[in-house]
Amino acid sequence: MYQLYDDTQVNHQQEISMYAVEELSPEEIDGLILMREEEKLARDVYLELYDIWGQQIFLNIANSESTHTNAVKLLLDKYNLTDPVTGDTRGVFTNQDLNELYASLVETGSTSLLDSLIVGATVEDLDIYDLQRLNEISDNQDITAVYDNLEKGSRNHLRSFTKVIETNGGSYEPQYISESEYLEIISGDMETGTGYGAQGNLSTQSGQSNQYQGTSQDTEPQGVLGKFWQGVMNWLR
């Protein structure tokens, strides 16, 4: 069994509207554009791997990733920024590196069930790394709140993928975050609630957890993406 906190019911629109509009730096703008497509990348990869392997974990987490990419879209709309996502077709991105990365991840994930689960863990590993770096260059309360929530979701997803990898006789070694941080994450409990709260205070509301059966079957945004691409290419080889 693996556990997955269902964050698809979070009302991000209501929560984000609690924060005032603040001036955006160029780095914050670039980060939002990158994260909008990176969360879509995760969703698209998981949907494709679900079609290949029929494992419920991919569909469950893909639904969560849809919530995440839509949350970033709300920030783009709030600040009147152009959305890089021009359609809902899988594997199509404005960022050409992400187009290539999508194809590589799906190709690797199609070779075996275990490889597909390791692809999932790698995407979440990278997402945590990216969100931490982007949060370091962001000081707007609404962006910080969204990034905090997305990172919490990625930690939960990483726990879930790790559990199913181990159920299938494999193991995962972190590619982006440190070994110590990875071990701390997977040894922790599923996190619930949201990071939204009036005046930026973290809320501690409890959230509903669902259990599903896992079967055997640098701080610049472009620098972050470059590390992502290089690391994944090294791993794929």
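So, helix α3: it has 23 residues, and its first and last C-alpha atoms sit 34 Å apart, close to the 33 Å you'd expect at 1.5 Å a residue. Bear in mind that this is a predicted model.

Staying on that helix, residues 56-78, have a look at Asn 63, which belongs to it.

Now step off the end of the helix. Where is Asn 80, then? It's in the loop between α3 and α4, the latter being residues 96-109. Asn 80 has a relative accessibility of 72%, so it counts as exposed.

Okay, on to α5, residues 113-136. Do the same sum there: 24 residues at 1.5 Å a residue should span 34 Å, and the end C-alpha atoms are 35 Å apart, so the two agree. What about cover? α5 is mostly tucked away, with 21 of its 24 residues buried.

Let me pick out another asparagine here, Asn 135, which is in α5. Its relative accessible area is 16%, so Asn 135 is buried, the cut-off being under 20%. What does Asn 135 touch, if you leave aside neighbours within four places in sequence? The answer is Thr 144, Tyr 147 and Asp 148. Those three numbers fall within α6, which runs over residues 141-167.

As a reminder, two packed helices are described by the angle between their axes and the distance between the axes. For α6 and α7, which is residues 179-186, the axes come within 9 Å and cross at roughly 85 degrees. That's why we call α6 roughly perpendicular to α7. Which residues make the contact? On the α6 side you have Arg 155, Leu 158, Arg 159 and Thr 162, and on the α7 side Tyr 182, Ile 185 and Ile 186. Sort the residues of that contact by type and you get 4 nonpolar, 1 polar and 2 charged.

Terms used: Residues numbered from 1 in each chain as written. Predicted model: local features only at pLDDT ≥ 70, side-chain atom pairs only at ≥ 80, totals over all residues. Heavy atoms only, no water. Axes fitted to C-alpha atoms, helices over the stretch in contact; angles between N-to-C directions. Helix = DSSP H or I, 4+ residues; strand = E, 2+ residues; numbered from the N terminus. Parallel < 35°, antiparallel > 145°, perpendicular 65-115°, else oblique. Contact = heavy atoms within 4.5 Å. Nonpolar A, V, L, I, M, F, W, Y, C, P; charged D, E, K, R; others polar. Expected span 1.5 Å × (residues − 1). Buried < 20%, exposed > 50% of the residue type's maximum accessible area, 1.4 Å probe, protein only.
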